[in-house]
Amino acid sequence: MGKIAFVFPGQGAQKTGMGQDFYENSARAREVFETASRLLGFSMEELCFEKNERLDQTEYTQAALVTVSAAILTECAARGITPDMAAGLSLGEYGALLAADVMDFTDAVRVVRRRGILMQEAVPLGQGAMAVVLGLPAEKIGDVLTAYLREQAGEEGCVVIANDNCPGQVVISGRCADVEAVLPLLKEAGARRCVPLNVSGPFHSPLLTGAGEKLREVLEPVTIREPRIPYVANVHAEPVTSAAEVKELLCRQVSSPVLWRQSVMRMIAEGVDTFVEIGPGTTLTSFIRKIDRGQTVLHVGSWEEMEALEKALQ
């Protein structure tokens with residue numbers, strides 16, 4: 001076996017009940033949930049385990065997902081299951097920071113709580129949008145967006161590639177009017193489908209630059225350690241091995257494209273042949289299989305899958 005990479009999903013993976021079996025079966029995981037509740041001033045158990053509207057609200061979603069990731073990570077570590085590299089999709093990058101021991105959980109959960117609020121507040125509801133574009137290469141999508149902004153959009157025009165997830169799946173983000181205007185152009189250029197996403201803002205676009213700058217103030221007092229293992233950053237799809245660049249990358253990440261396809265390819269180039277997706281859902285598992293079908297991809301989002309993971313890696 002080559003290297004193992006832990007990968008962490010981003011916003012959109014959340015679901016009611018996530019992490020509950022870890023809470024019930026592991027004292028270590030339970031302590032993670034209780035710590036989050038104490039630090040944030042609301043019940044993380046109630047947020048994650050009971051059906052409610054807050055779980056899908058950005059200001060709550062991000063802290064909930066990081067808590068679940070941390071709880072599963074804690075149990076992995078207790079069983080001696082550790083990665084050689086790590087990466088996360090957007091918010092998931094904070095899971096990668098925890099896996100690399102760059103940041104304490106207490107700092108991470110407080111930072112992402114503020115991050116979620118800042119991202120929610122950056123653009124008024126109804127003014128930003130995102131859409132997934134299927135069946136068209138990222139390079140071609142970029143050409144269509146560039147031509148639209150040059151020839152049709154006004155000075156306030158904004159629509160960019162937000163996520164390069166895998167071959168044939170790219171997410172765009174920007175002002176509502178611009179996202180709506182480019183969808184038929186992308187269809188004309190050969191896109192198989194264009195699907196508007198049910199999100200509360202134009203994430204990973206220049207419209208979130210202000211949120212990134214405010215996040216800088218949140219991160220300023222946080223202690224950042226040298227990564228115990230390399231993690232691959234969304235912003236440039238390169239391994240991060242120095243504490244000095246972590247905060248700047250996290251600030252830029254809020255308004256920069258998520259280079260997930262390139263990140264996975266870089267980890268493979270570094271010798272990774274086994275990916276373990278940690279958290280609810282199997283979105284990253286699907287992406288990685290589309291990027292390189294030769295990779296072993298495992299998932300742990302439940303206690304049963306934790307047991308299966310331990311056996312698979314023996």
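# A tour of the pockets, sheets and helices

Begin with the largest pocket: α4, α6 (105-122), β3, β4, β5 and α12 each supply at least two residues of its lining. The model on screen is a predicted one, and residues are numbered from 1 along each chain.

**Stop 1: the largest pocket**

Select Gly10, Gln11, Gly12, Leu197 and Val199, which lie nearest the centre of the largest pocket among the 31 residues that line it. About 680 Å³ of space lies in this pocket. Next, colour α6, the element that gives the most to the lining, with three residues. Colouring the lining by class gives 13 nonpolar, 16 polar and two charged residues.

**Stop 2: the second largest pocket**

Move to the second largest pocket, with a volume of about 330 Å³. Its lining has 19 residues, and those closest to the centre are Leu73, Thr74, Leu98, Ala99 and Asp101. To see which elements surround the pocket, select α4, α5 and α6, which give two or more residues each to the lining. The most comes from α4, with five residues. By class, the lining of the second largest pocket divides into twelve nonpolar, three polar and four charged residues.

**Stop 3: the cavity**

How many cavities of 30 Å³ or more does the structure hold? There is one, and the volume of the largest cavity is about 30 Å³. Select Phe8, Pro9, Leu65, Val66, Ser69, Leu91, Gly92, Tyr94 and Gly95 to show the residues that line the largest cavity. Helices α4 (58-78) and α5 (93-99) each supply at least two residues of this lining, and α4 gives the most, with three. Six of the lining residues are nonpolar and three are polar, with no charged residues.

**Stop 4: the sheet of four strands**

Now show the strands β3 to β6. They form an open sheet in the order β4-β5-β3-β6, and the pairing is antiparallel. At the edges are β4 (159-166) and β6 (193-196), each of which pairs on one side only. On average, neighbouring strands of this sheet are turned by 25° against each other, direction ignored.

Select residues 176-188 for α8, which touches β3, β4, β5 and β6. The direction of α8 makes about 145° with that of β5. Residues 283-291 form α12, which also packs on the sheet and touches β4 and β5. The direction of α12 makes about 80° with that of β4.

**Stop 5**

Zoom in on Phe6 and its bridge partner in β2, Ala86.

**Stop 6: a pair of helices**

For the last stop, select α9 (residues 209-219) and α10 (residues 246-253), which pack with their axes 8 Å apart. The angle between α9 and α10 is about 145°, and their crossing is right-handed.

Which residues make the contact? On α9, show Gly212, Leu215, Arg216 and Leu219; on α10, show Lys247, Glu248, Leu250 and Cys251. By class, the residues of this contact divide into four nonpolar, one polar and three charged.

Key: Predicted model: local features only at pLDDT ≥ 70, side-chain atom pairs only at ≥ 80, totals over all residues. Heavy atoms only, no water. Pairing = 2+ DSSP bridges. Axes fitted to C-alpha atoms, helices over the stretch in contact; angles between N-to-C directions. Contact = heavy atoms within 4.5 Å. Left-handed = near helix turned anticlockwise from the far one by under 90°. Nonpolar A, V, L, I, M, F, W, Y, C, P; charged D, E, K, R; others polar. 1 Å grid on protein atoms, 1.4 Å probe; cavity = no way out; pocket = protein on both sides within 12 Å on 5 of 7 lines; lining within 4 Å. Points joined across faces, edges and corners; volume = space filled by probe spheres on them.
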